[in-house]
Structure formats: structure tokens, C-alpha cells
Amino acid sequence: MEIDGENTLQRKHSHYQNLDEVFIVQNEVYRGQQYSQIYFARLHMMRTILHSLIPHWKPHIPVVTILGLEEGKECVLVGTLYKHMKLKPGILDEYAKVRTVVPIVQPHNFMHADDYLVLEDESGRVKLEGAALVPSVYVTGVVAAFLGKESTAGSFLVQEILEAGLPPQIEKPLKLDDDKYVVFISGLSVGNSTSNPLQLQLLVDHITGHLGDEKEQRIAAEIVHVVIAGNSLEFSRGLFDGQNGLKDLSKLSEPFKELDIFLTQIAAGVSLDILPGPSDPANFSLPQQPLNRCLFPGSSVYNTFRSCTNPHSFELDRIRFLGTSGQNIDDLEKYSEAKDKLEFMERTLRWRHLAPTTPNTLGCYPFTDRDPFVIESSPHVYFVGNQDKYESRLVKGPEGQIARLITIPKFCETGVAVGLNLRNLECHALSFGTQFSL
């Protein structure tokens with residue numbers, strides 16, 4: 001039996017719609033298929049978009065395949081990028097790491113000055129060169145259009161680049177009458193030795209309206225939704241024995257029970273979405289499927305509790321949200337460069353692909369007829385969890401698209417959550433501390 005949790009408090013309400021169908025791995029049968037099919041599906045979808053943009057970009061330049069290149073003749077190529085990286089680790093490196101006595105130091109970023117880009121389509125591949133091309137910006141898996149000429153050496157000299165740009169966006173409500181807030185949390189890491197239950201309880205009390213004076217409680221009543229973006233649980237490696245499996249089954253269940261107590265308090269008062277993350281008990285490859293509801297016997301009885309996929313997409317009052325638990329942006333940071341995490345996020349929107357490094361360096365399910373990570377509709381709010389610090393920025397598109405980018409810090413390490421006002425898409429940090437000074 002489900003309990004209606006939203007009616008236990010006098011809160012504002014919002015209309016919620018889950019849009020995770022595209023990320024659900026359902027009725028899929030693995031028959032040993034490889035990843036060429038998801039790359040083909042991606043190229044087919046993105047090429048259709050780019051071909052519709054090229055007449056407005058270079059109307060008099062022919063679009064050819066790589067096999068149809070002619071030396072010195074200006075043309076446009078559309079294809080999938082492959083980034084040749086000198087420092088990119090391979091399977092032999094993984095084997096060496098296991099066998100060696102001295103641990104191999106893993107670099108934070110695998111970029112090298114000798115890296116270069118190759119463009120591929122169904123007909124062939126060609127090396128890209130030219131001053132207009134900056135390899136450090138791109139990663140394997142991005143689909144784009146390139147204006148240039150074939151050189152005498154057989155490479156393609158790039159003069160200009162056309163990316164798909166921000167996708168179309170559903171119309172945002174003109175104006176909401178009242179303030180309504182969504183709270184984003186990630187990296188609770190319940191079970192970690194550094195996790196602070198008091199700090200987490202302060203957050204829960206703030207959300208449920210049990211913290212502060214009447215003014216604070218009025219603000220809490222304006223919270224209409226909570227999103228927990230991955231890494232809610234963390235298990236000590238000491239619990240596992242490589243030879244015999246679990247050492248102590250009872251200790252394994254303790255983090256689940258503790259997390260369920262916190263989630264039950266939230267679900268009793270406000271709707272709640274929880275996404276799996278890298279440290280949670282879910283499948284490794286993207287899209288990660290919802291955490292099993294039986295793990296949360298207390299909170300799952302409320303109809304306000306929703307276990308969702310990672311990536312996760314939903315609408316609140318016609319405002320579209322899209323987000324992940326952070327794997328897509330963390331992987332981009334390893335194989336490309338940017339001034340901050342928000343720039344990586346903006347690139348994924350302009351490339352119209354949520355996780356372009358899948359399946360090359362980021363695991364994903366080998367879909368055969370589609371690529372679920374292609375962004376077909378621009379979100380109004382794009383969030384990424386488990387980052388080092390809170391950052392936010394508004395991104396605008398040529399057709400009036402507006403997207404609020406948010407990086408959600410690890411709560412276990414920072415004690416910071418993020419609040420977003422649906423009325424104006426403004427957001428702010430919510431900091432919770434438990435240190436007292438005499």
C-alpha cells in the first residue's frame with residue numbers, strides 16, 4: 001500500500017511528469033552485439049540535424065562523403081570524431097597495473113600535445129588538420145560538420161566547424177505566480193566513515209520544515225521537489241574479501257537502513273527522485289537503471305518516492321529538467337580541457353549529446369537501433385551531481401533557448417545542497433555545518 005505523503009504538510013504543489021522512458025533498458029536482448037550500431041545510430045540522427053543546418057551555414061558548398069573527397073576542392077564533411085590520444089590507457093595498461101609491484105600513477109587528464117582528430121563516416125576516415133581545429137576541446141564520439149579542403153598529404157584542412165547547437169526547447173511558462181523550489185543533493189555517501197549524520201539530519205529538517213522559525217518554515221513549505229543525484233551509499237572496501245565475498249552481511253545492510261530513515265522523512269512531506277551513481281548498488285554502464293525499491297522499505301511506501309534512471313529527465317510545471325550523477329562530465333574532464341565543469345556541460349548541450357564519450361571510454365549498454373543520449377529537446381535546467389563545488393550559469397541559444405546549468409557538490413564533503421526557484425530559474429547554495437566555536 002502506498003501512502004500519500006504530500007498531503008501530510010501544507011505545501012505548494014507542482015505538476016510532475018517523468019520522462020525517463022528513453023533511458024529504460026526494457027525488452028532488450030543482448031546477443032553479443034558490438035558498439036558499431038550505437039555509433040551508426042548516433043551518426044544517422046545527428047547527420048539529419050546537421051544537414052538541415054548546413055544550407056543556412058554554407059548554402060553553396062557541396063556536402064560529400066569522405067570517400068568523395070577531391071584534392072583542393074572546398075566541401076563540407078559530416079562525420080563522427082575519433083580522438084587519437086598518446087596517453088589514453090589501454091587494456092594492457094590495466095593488466096600491467098594489476099601485475100606490477102609499484103603502483104602506476106594515473107594522471108588526472110590524458111591530454112597530450114601530439115593528440116589529433118580523425119573524422120569517420122560509413123565510407124572511410126580522414127585525419128583533420130588546420131588552425132581552426134582545437135583537439136583539446138573535442139572527444140571521441142562527437143558528430144559535427146567541417147568546412148575545408150583535402151591536402152596533398154591526404155588530410156583534411158579544416159577552415160570552419162559547425163556544431164548542432166542547442167536543440168529546440170519546449171515553451172517555458174510565461175510566469176509562475178509563486179516561488180517554488182527544487183532542492184538538489186548528491187554524494188550523501190551514507191556508510192562512509194566521514195559521513196556526518198547530524199549534517200544530513202539538518203538538511204532533512206530544513207526540507208521538512210522542522211528547522212528554524214516561522215520564516216524558515218514558510219520557505220520550507222515552498223519546496224515542491226527534491227532530487228538526489230547519485231552516490232547516496234558508500235561501502236567500505238573492508239567489508240569485501242576478494243576470496244570469500246562478504247565478511248559481515250549485517251554491516252552491509254546498515255547504510256541502507258540509515259539512508260532509508262532519511263528518505264522516509266523527506267518522502268513523508270515532499271516528492272523525491274533518487275538517481276543511482278557510481279558507488280550505488282546499480283548497474284555500472286549508462287543508462288543506470290533505477291535502484292530497486294525493496295532497498296528502501298520505509299520510503300518506498302510513499303507515492304512521493306520515485307526511484308529513477310541515471311540520466312534522469314522530468315518536467316515540473318512545464319519546466320524540463322535533465323541531469324546525471326556526474327559520470328558524463330567527469331569522463332569529459334579526463335579526455336578534454338575546459339576552464340570549468342560548466343563549460344563541459346555547455347559543450348554537451350551544443351553537441352546535442354549527453355555523454356559523447358560513450359561507449360569509447362564511458363561504459364554504456366550496446367543499443368542497436370537508437371542512441372538514448374542524443375538530446376532532442378533542450379532542458380530548462382541541466383544538473384550534474386557529485387562535483388567538487390557548486391557552480392551555476394545561464395546558457396542562451398540562438399532561438400531563445402535558456403538553460404540553467406548547475407553542478408551539485410558532494411554533500412558528504414561540502415555540506416552543500418542547491419536550491420532552484422522554478423519562478424525565475426535562479427539558484428543558490430544551501431550550506432549546513434555542524435562545527436561549533438567557543
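Author: Asp273 and Arg306 form a salt bridge, with 3.7 Å between the closest N and O atoms. The term stands for a side-chain nitrogen of Lys or Arg within 4 Å of a carboxyl oxygen of Asp or Glu. This pair links distant parts of the chain, 33 residues apart: Asp273 lies in strand E12 (residues 271-275) and Arg306 in strand E13 (residues 305-307). Strands (E, at least two residues) are DSSP runs, numbered from the N terminus. Asp273 is buried, at 0% relative accessibility; buried means under 20% relative accessible area, exposed over 50%, and partly exposed in between (1.4 Å probe, protein chains only).

The model is predicted, so local features need pLDDT of at least 70 and side-chain atom pairs count only at pLDDT 80 or more, while totals for chains, interfaces and linings use all residues. Residues are numbered from 1 along each chain as its sequence is written, and side-chain values use heavy atoms, with hydrogens and water left out.

Another salt bridge joins the side chains of Lys127 and Glu129, at 3.8 Å from N to O. Lys127 is partly exposed, with a relative accessible area of 35%, and Glu129 is partly exposed too, at 31%.

Lys389 pairs with Glu391 in a salt bridge whose closest N and O atoms are 3.9 Å apart. Glu391 counts as buried, its relative accessibility being 17%.

Salt bridges also link Asp340, Glu346, Arg350 and Arg393 in a network. In total, the structure holds 17 salt bridges.

Definitions and conventions: Helix = DSSP H or I, 4+ residues; strand = E, 2+ residues; numbered from the N terminus.
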